[in-house]
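User: Please take a close look at the salt bridge in this structure and at the part of the chain around it. Which residues form the pair, and where do they lie?

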Amino acid sequence: MLDILLIIAAIVVAVLCLGGIVNFNQYVGRQFGYRFFAWKRLVLGGIAVAAILGGIGGALGATLGPVAIAGGAATILALAAFNIHRTNLALGLIGSSMETALYVAAGVFGIVVALPALLIAVAAAFGRVEPSMRQNHIYYDNHSA
């Protein structure tokens, strides 16, 4: 019974957090014409966090690990500076801290999702796809039909 209550509480907290993020994003959009949580920044931040985690975990070796950590940290700081530049200091720091939490989730779950997807893409690239040699119609881009 306690497990079910904890799951329900976690779902309620997640929904409330999502609602807060959406309201915050709309407020900043109205005030400054800027939106936090864009896909490009989320992907870039996720890659930065994945690089930091890879460097800390030792997966990148002793020479590349510190470079990945420094590059990931510099990317996250640059994204935070961009957010502060586009808004004001208080909203920029609040939004950047919320974005960083999402970057961590994107980085951790991105690794879990990206590795199988990469294996599938490599397997598909080495798979044989043979086109049909019979063509009934030839289409040209500039041909007016």
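Analyst: Arginine 41 and glutamate 99 form a salt bridge, with 3.6 Å between the closest N and O atoms; the term denotes a side-chain nitrogen of Lys or Arg within 4 Å of a carboxyl oxygen of Asp or Glu. The pair joins distant parts of the chain, 58 residues apart: arginine 41 belongs to helix 2 (residues 39-57) and glutamate 99 to helix 4 (residues 89-126). Helices are DSSP runs of H or I with at least four residues, strands are E runs of at least two, and both are numbered from the N terminus. A search of the whole structure returns one salt bridge.

This is a predicted model, in which local features need pLDDT of at least 70 and side-chain atom pairs count only at pLDDT 80 or more, while totals for chains, interfaces and linings use all residues. Residues are numbered from 1 along each chain as its sequence is written, and side-chain values use heavy atoms, leaving out hydrogens and water.

Both partners, arginine 41 and glutamate 99, are buried (under 20% relative accessible area, with exposed over 50% and partly exposed in between; 1.4 Å probe, protein chains only). In helix 2, the buried residues include Gly45, Gly46, Ala48, Val49 and Ile52 as well as Arg41. Of the 145 residues of the protein chain, 21% are buried.

The 19 residues of helix 2 should span 27 Å at 1.5 Å a residue, which agrees with the 26 Å between its end C-alpha atoms; the expected span is 1.5 Å times one less than the number of residues. Glycine 58, with a positive phi near 85°, follows helix 2. The protein chain has four helices and zero strands.
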